[in-house]
Amino acid sequence: MNQSTISCFLPAGERTELQASLDELGNHPLVSSIFIVGKPPHEKLRMPEKGRYADIGSMQSTRGVKQMSALCNSEYVLVYNKTQPLRLGAFALERMLQVAQSTGSGMVYSDHYQMKDGNLSALPVIDYQDGSLRDDFNFGPVLLYRTEDLRRTVSRMDQDFLYAGLYDLRLRVSRENRLLRIPEFLYTEMETDTRSSGEKIFDYVDPKNREVQIEMEKACTSHLKAIGGWLSPVFSEVDLSAGDFPAEASVIIPVKNRIRTIEDAVRSVFAQQTPFSFNLIVVDNHSNDGTSQLLEELSREDDRLIHVVPGRDDLGIGGCWNIGLFHEACGRFAIQLDSDDLYLHDQVVRQIVDSFYSQQCAMVVGSYRMVNFKLEEIPPGLIDHREWTPDNGRNNALRINGLGAPRAFYTPVLRLVRLPNVSYGEDYAVALQISRHYRIGRIYEPLYLCRRWEDNTDASLDIGRQNSHNFYKDRIRTIELWARIAMNSNKA
């Protein structure tokens, strides 16, 4: 193995933290040079002989990526994208280099440890797939690129991004080279973001991040066009008058053990005012906390409530949705409401149904307002998913982790697609598949209150569950991407 074969780039930060990373890398025999990106700290550093400042702006920008490519003088480039101290494991760089050279991978990354609030914990990451198109895919902060691939890729960059440079680089490298995870804990990162998983999942729709999201969409759209996965804004028509249904609309609520919230949800449906008939199908997945008894009482109060208990016990949220969808009482349009949320006003069902006809679509997605258990608004407030545009929404949907809510479907189309029998990502899976062929309508004003509380299914997930959820959504994206590539190929 060659010595001094890695050029390192790390961001400038607070002196003590930056010094710790410099000390870690400065004496390593595989490191030939260290470039500090950003403004030097006010206090003087003990700069290693290999170290220097690089006036290249941000590592996240296209300009920064191009200048890193020009500065690197070694076979491999290590990018460390955090300002907190880096602590390498024993022979960590040797192992990353060994794997990169043995496999010819364009980029390698690894599992690692995390120091958070003084506690050391394992932080495994997940394998990269074709559908791992999220700009927030967690590789960890240490990325090792092969310089040859980096330079070839950079030479083809034809867009100038302020925020999406590294994302654009990753997508471009992945077209010709594998991005390989090493399932070994090779280093320790220091974590300062102490929020729970449930608090982080809406970062990408925070209005203050809008400019960043626009750039990420542009980079992803270019990637989809390059690999044959982009869809033009041409849609199959849908005949909304076909078939006979017992009602114009059905609200479907899957529920299990939501005694504290289900009545609010149900009564928000009872309050709806419409010029057409509608009903409420609650699929009760064998609750044992009093939810079932409460639903029976509510069904006697209003016969529009149809309380269904499945005859099987192996159903997730998607499976329960299918029970409601194929119920004989299901209406022409099936409208979603979660068991701990509620409609914002009495015109929601009417507004959704009107949108099907006015936008001639097979699915409608609304907007919602984030609230706590007491229904008080909490950040980021309104979630309207304005990144969904008529021309590019279904392409950008492959980059983001959700499409918004409440969701509503033209029942005949959803009965053809059906929901996967899972309790996470089931709605995202069917939305992607429907959007492959049909127009999805949008309502950008809030229609319901999304209650965030300790019993949400994604309120506070351990790393294993987070990884499982993310891997599943990446797999859903992979399936959809392959289907779109095949569809485009057949049209050619």
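Select Arg 399 first: in this predicted model the residue counts as buried, because its relative accessibility is 2% and the cut-off for that word is under 20%. Asp 135, at 22% relative accessibility, counts as partly exposed.

Next, colour Asp 340 and Arg 258, whose side chains meet in a salt bridge at 3.7 Å, N to O. This pair also links distant parts of the chain: Asp 340 belongs to the loop between strand 13 (333–336) and strand 14 (342–343), and Arg 258 to the loop between strand 10 (249–255) and helix 8 (262–270), 82 residues apart. Are these two residues buried or exposed? Asp 340 is buried, with a relative accessible area of 7%, and Arg 258 is buried as well, with a relative accessible area of 12%.

Asp 149 is buried, with a relative accessible area of 1%, whereas Arg 152, at 24% relative accessibility, counts as partly exposed. A search of the whole structure finds 29 salt bridges.

Turn now to helix packing, and show helix 2 (residues 62–71) together with helix 5 (residues 165–176), which pack with their axes 7 Å apart and at an angle of about 60 degrees. That angle makes helix 2 oblique to helix 5. To see the contact, display the side chains of Thr 62, Val 65 and Met 68 in helix 2, which meet Gly 165, Leu 166 and Leu 169 in helix 5.

The next stop is the backbone. Most residues other than glycine have a negative phi, and most peptide bonds are trans. Against that background, select Pro 379 and Pro 380, where the peptide bond from the former to the latter is cis, with omega near 5 degrees; Pro 380 is found in strand 16 (residues 377–383). Another cis peptide bond joins Ala 405 and Pro 406, with omega about 0 degrees, and Pro 406 lies in the loop between helix 12 (393–396) and strand 17 (407–410).

Two residues with positive phi come next. Arg 418, in the loop between helix 13 (411–417) and helix 14 (426–437), has a phi near 65 degrees and counts as partly exposed at 43% relative accessibility. Asp 117, in the loop between strand 6 and strand 7 (119–123), has a phi near 55 degrees and counts as exposed at 61% relative accessibility.

Finish at the surface by selecting Tyr 113, Leu 120 and Phe 185, which form a nonpolar patch with about 260 Å² of accessible area together. Tyr 113 is found in strand 6 (residues 107–116) and is partly exposed, with a relative accessible area of 32%.

Note on methods
Residues are numbered from 1 along each chain as its sequence is written. This is a predicted model: local features need pLDDT of at least 70, side-chain atom pairs count only at pLDDT 80 or more; totals for chains, interfaces and linings use all residues. Side-chain values use heavy atoms; hydrogens and water are left out. Patches are made of residues with over 30% relative accessible area and no salt bridge: like charges are joined within 9 Å, nonpolar side chains (Val, Leu, Ile, Met, Phe, Trp, Tyr) within 5 Å. Accessible areas come from the Shrake-Rupley method with a 1.4 Å probe; for residues, only the protein chains shown count as cover. A salt bridge is a side-chain nitrogen of Lys or Arg within 4 Å of a carboxyl oxygen of Asp or Glu. Helices (H or I, at least four residues) and strands (E, at least two) are DSSP runs, numbered from the N terminus. Buried means under 20% relative accessible area, exposed over 50%, partly exposed in between (1.4 Å probe, protein chains only). Axes are lines fitted to C-alpha atoms, for helices over the stretch in contact, and angles run from 0 to 180 degrees between N-to-C directions. Angles under 35 degrees count as roughly parallel, over 145 as roughly antiparallel, 65 to 115 as roughly perpendicular and the rest as oblique. Contact means heavy atoms within 4.5 Å.
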